[in-house]
Amino acid sequence: MVAWKPSRSLPRRSSCWLCRQPPIAPDDLHRALNFVVDFVGPGFTVERFESGGKPSALIYRGAERPRFRVILNAHLDVVPALPVQFRPRRAGERLYARGAQDMKVSALVEAQVFRELADTLPYPLALQLVTDEEVGGRNGTLHQIRQGVSGEFVIIGEHSGLRIVTDSKGMITATLRAVGRGGHSAYPWLGDNALVKLHRSLASLLAAYPVPTEEAWRTTVNVARIETPNQARNQIPAEAEAWLDIRFPPEDADLNGKTAEEITAYLASFCEPGVTPVVDLADPPHHASRHRPEIRGLKQAAAGQGYRADFLRKHGAADGRFYYQQGTDAVIFGIGGDGLHGPDEYADTITIAPYYQALKDFLRNPAGQ
């Protein structure tokens, strides 16, 4: 029996505007990276990395890479969008564009602050530029960490409205694969519909993790895609699969701290016979201690610009989780805006100058003394 290869081998028509957009070309990733490197300017070491076709860079002062006191992390890739979103437009205090909020404006602010201060600070500072955060981050930030890049404290310039994100959910991506027995749809009792079994398994999982109707700090399950290799209506599906994106807080004892094998067994408890879960990746929640002196310094810097500088928890995952797994505290701290990944994404331009000044004030006094 020849194994079914879903997605890659199936012809597909889509009316979804997002699905029709081509993926980001490797040349565009290099162009974006080179643009920011050139923006920083000469006089610094530019250490380049590449993994899985994703380029990244680490910029710092001096010839030898040290352990950095502070790392400013920025991702330069974006999710797909219609061409019109790649032509920025201003409307009052909003800058509309793909990546404006997530996180190209913050990235350029980080680059400018690095350019202005790196040579003047009494400690080593790095600017870390990656191009794969939107597709997992393993070939950018994680790859650099595995190549020995390290620091004491990391600021990731994701949007936060100058609030400080010390906690974000863990992430699991999994696939439910159903196997049945094909046949003619006029005689369903002679077959075993894999798609029906898959739907029942999903219903069981979603009963345990219902889709929230408002913001809630709890585990969520997103069914991202359901498909079968069927090419005719009068066939009983013999195979089917569903993509799952699961986000979970530290309080979920069924998922947090579990191995991929344990998570697989847990997901299997929701599945009918013939439906098998496969865990593609499992990353733990991210947490940074709120008692670090750098947190105090960052709060003081943001408050100095008139912002509350309170703490925020994020439901999405960011590259800070890779530093957390190495025992390094990382926080998200960036500009404001709304609509990330959507057709109306925008950056709040009135937060740009305060963010710029708060970063500079923090770097000049990271311990908040």
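**Close-ups of a predicted chain**

H341 is partly exposed, at a relative accessible area of 35% (the cut-offs: buried is under 20%, exposed is over 50%, partly exposed is in between, using a 1.4 Å probe and protein chains only). What you're looking at is a predicted model, so local features need pLDDT of at least 70 and side-chain atom pairs count only at pLDDT 80 or more, while totals for chains, interfaces and linings use all residues. Residues are numbered from 1 along each chain as its sequence is written, and side-chain values use heavy atoms, leaving out hydrogens and water.

**View 1. The whole chain, before we zoom in.**
The protein chain carries 8 helices and 19 strands (DSSP runs numbered from the N terminus: H or I over at least four residues for helices, E over at least two for strands). Its C-alpha atoms fill a box of roughly 75 × 45 × 40 Å along the principal axes. Buried residues account for 48% of the 369. Of the contacts between residues at least 6 apart in sequence, 78% link residues at least 24 apart (contact means heavy atoms within 4.5 Å). The accessible surface is about 17600 Å², and carbon and sulfur atoms own 53% of that (Shrake-Rupley method, 1.4 Å probe; for residues, only the protein chains shown count as cover). On the charge side, there are 42 positive and 42 negative side chains, with the centres of the two sets 3 Å apart (Lys and Arg are positive, Asp and Glu negative, with His and the chain ends not counted; each charge sits at NZ of Lys, CZ of Arg, CG of Asp or CD of Glu).

Most residues other than glycine have a negative phi, and most peptide bonds are trans. With 1% relative accessibility, A309 counts as buried.

V109 is buried, at 8% relative accessible area. Setting aside neighbours within four places in sequence, V109 has contacts with I352, Y355, Y356 and L359. V109 and I352 are 243 residues apart in sequence, yet their C-alpha atoms are 7.8 Å apart.

**View 2. V149 and its neighbours.**
V149 sits in the loop between helix 3 (141–146) and strand 7 (151–156). It's a buried residue, with a relative accessible area of 3%. Not counting residues up to four places away in sequence, it touches F49, L58, R65, I71, Q128, Q144 and Y323. V109 is 40 residues from V149 along the chain, with 22 Å between the two C-alpha atoms.

**View 3. S51 in strand 1.**
S51 lies in strand 1 (residues 45–51) and, at 18% relative accessibility, counts as buried. Beyond its neighbours within four places in sequence, it is in contact with N139 and H143.

**View 4. D245 and R247, side chain to side chain.**
D245 is in strand 13 (residues 239–248). Its side chain makes a polar contact of 2.6 Å with the side chain of R247 (a pair of N or O atoms within 3.5 Å; within protein, one must be able to donate a hydrogen and the other to accept it, and residues adjacent in sequence count only if both atoms are side-chain atoms). Leaving out neighbours within four places in sequence, D245 contacts I172, T173, T220, V221 and N222.

**View 5. From strand 13 to helix 5.**
A253 is in the loop between strand 13 and helix 5 (260–268). At 56% relative accessibility, it counts as exposed. A303 is 50 residues away from A253 in sequence and 36 Å away in space, C-alpha to C-alpha. A268 lies in helix 5 and is partly exposed, with 34% relative accessibility. The C-alpha atoms of A268 and S201 are 9.0 Å apart, with the two residues 67 apart in sequence.
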